[in-house]
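Subject: Structure for your files

Hello,

Here is the structure you were expecting. Please open it alongside this message, as my notes refer to positions in it.

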Amino acid sequence: MNEREKVILVGCQLPDIDEERFSYSMEELASLVHTANGEVIMTVTQKREAAHPATYIGKGKVEELARLVEQLEPDVVIFNDELSPSQNRNLSRQLSVRIIDRTQLILDIFAQRARSKEGKLQVELAQLHAQLQYLLPRLSGQGTELSRLGGGIGTRGPGETKLETDRRHIYRRIDEIKTQLKLVAEHRERYRERRKKNHVFQISLVGYTNAGKSTLFNRLTDADSFEENLLFATLDPLTRKMTLPSGYTVLLTDTVGFIQDLPTTLVAAFRSTLEEVKEADLILHVVDSSNPDYYHHEQTVYELLDELGVSSIPIVTIYNKRDIAHRNFVPSTKTDAIIISAFDAHDLRRLRQFIEETMMKQMVHYHASIPSNEGRLLAQLKAETILRELHYNEESGMYECKGYMMPKHPLYGQLQQ
């Protein structure tokens, strides 16, 4: 295993951020560093009315930080905010150490976590956009520094060694990636159309990063999505079948976790991945009830869902980690909700039942009498509807079927005739 890089964290508390939120934001930054295989050796904070336009933190704090850099010899200093190109340049000159910010750190983690071809392309696209934003305004005199891409936290990139001298290459590569992603998106769209044609009910798991989505996904589907107590443990979406208590089968998709201040470059680059959420018939919003900042996590997810334009899709909330819920935890009444532990078998049975009952609210009830020689139709009802009751009527020689199905399902019209 690679040796962990030594990191100093720097945060600036502005008037619009209260003490609790600021403290949690810094803890989250430390968790991101841990995920990126770094070790926090010191945290430096300052309260200011506004970020310093030249150095983000004040002159005195920069001098204090310079002394710490000299004493502790960190590999990198990470700021808990987006730095402007000029701030980054000025800090780099005064501190003589690699400087990155929260956005670059998240990009770095995504670069490590991407597994699929699409995920890697999306990461590269986000990084190239970031390089345009961060690097191009300060190209002069930065050649030596920029050519170190690929070695350490915040430097993992697409591997180019001369980006600083070839803007056209960046733009050309962006166009190439967009073309490839368009092909992948079209391929995914064909899959979606096939699912719709087969009348498959689609459910998406969303939530703040590290809320336990992948653990829940694995328990509900017997899949092997990556599980670890790290931020952004899952990056690439994964879809598997899930069987409900009635025997009805749905498709469940695990998605990338959301986070406060998610870089706009990533929101844009991963929009095609998040299209899976837009195609869902039901969204399961997973919340970590043990996290003291769970409420703000919920709000962050809702804001990003609004950005995606999925307000018309039914949402239910799954409060996870019931066994270690925070002492001040109070479930929201914004949506229907259930409180569970993903490791409790009884809770998982309750959850499946809860999901099925929620789905039934979107469906229409049917009662049909099916001739005994209509085996194919009976099989369809079992596979494509929530069949609640099935018995054979000896007097009529018919199967009496009661259940629920999507109103647009062609079977519904057939049964009404």
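Below is what was found in it, part by part.

Please keep in mind that this is a predicted model.

Overall make-up

The protein has 14 helices and 13 strands. Of its 417 residues, 51% are buried. Among contacts with a separation of 6 or more, 68% are between residues 24 or more positions apart.

Nonpolar cores

The largest nonpolar core has 35 residues, and the ones that touch the most other members are I78, L105, I283 and L305. Two or more residues each come from β1 (5-13), α1 (19-35), β3 (76-79), α4 (102-113), α10 (271-278) and α11 (294-308). The biggest contribution is that of α1, at six residues. As for L305, its contacts include V206, F258, V277, V310 and I315, with residues up to four places away in sequence left out of the count. There is also a second, separate core, made of 28 residues, and I203, L244, L252 and L282 are among them. As a general point, nonpolar side chains in soluble globular proteins tend to be buried together.

Helix α8 and what lies over it

Helix α8 covers residues 213-221 and is mostly covered itself, with eight of nine residues buried.

β7 is mostly covered, as five of its six residues are buried. It pairs with β5 in parallel through four bridges, and Q202 stands opposite L251 of β7. The pairing of β7 with β6 is antiparallel and has six bridges. One of the bridge pairs there is T243 with T249 in β7. β6 and β7 form a hairpin, with five residues between the two strands. In the turn, G247 has a positive phi of about 100 degrees.

H285

Is H285 buried or exposed? H285 counts as buried because its relative accessibility is 1%, and the cut-off for buried is under 20%. H285 lies in strand β8. Leaving aside residues up to four places away in sequence, H285 touches V206, G207, E298, V301, Y302, I315, V316, T317 and I318.

Two loop residues with positive phi

Most residues other than glycine have a negative phi. N37 has a positive one, near 70 degrees. N37 sits in the loop between α1 and β2 (38-47), and its relative accessible area of 16% makes it buried. K321 also has a positive phi, near 65 degrees. The loop that holds K321 is the one between β9 and β10 (337-339). At 19% relative accessibility, K321 counts as buried, the limit being under 20%.

Helices α2 and α3

Helix α2 (residues 59-72) and helix α3 (residues 85-95) have axes that come within 9 Å and cross at roughly 50 degrees. α2 is therefore oblique to α3. The contact is made by V62, L65, A66 and V69 on the α2 side, and by L91, Q94 and L95 on the α3 side. The crossing of α2 past α3 is right-handed.

The three-stranded sheet

Which strands make up the open sheet of three, and in what order? The order is β11-β13-β12, and the pairing is antiparallel. β11 (364-371) and β12 (386-393) are the edge strands, each pairing on one side only. From one strand to the next, the twist averages 15 degrees. Eight bridges join β11 to β13 (residues 398-405) in the antiparallel sense, and H365 stands opposite Y404 in β13. Helix α12 (residues 345-362) packs on this sheet and touches β11, β12 and β13. The direction of α12 makes about 85 degrees with that of β12.

Regards

Technical notes:
Residues are numbered from 1 along each chain as its sequence is written. This is a predicted model: local features need pLDDT of at least 70, side-chain atom pairs count only at pLDDT 80 or more; totals for chains, interfaces and linings use all residues. Side-chain values use heavy atoms; hydrogens and water are left out. Two strands pair if DSSP finds at least two bridges between them. Axes are lines fitted to C-alpha atoms, for helices over the stretch in contact, and angles run from 0 to 180 degrees between N-to-C directions. Contact means heavy atoms within 4.5 Å. A nonpolar core is a set of buried Ala, Val, Leu, Ile, Met, Phe, Trp, Tyr and Cys residues joined through side-chain atoms within 4.5 Å. Buried means under 20% relative accessible area, exposed over 50%, partly exposed in between (1.4 Å probe, protein chains only). Angles under 35 degrees count as roughly parallel, over 145 as roughly antiparallel, 65 to 115 as roughly perpendicular and the rest as oblique. A crossing is left-handed if the near helix is turned anticlockwise from the far one by less than a right angle, and right-handed if clockwise.
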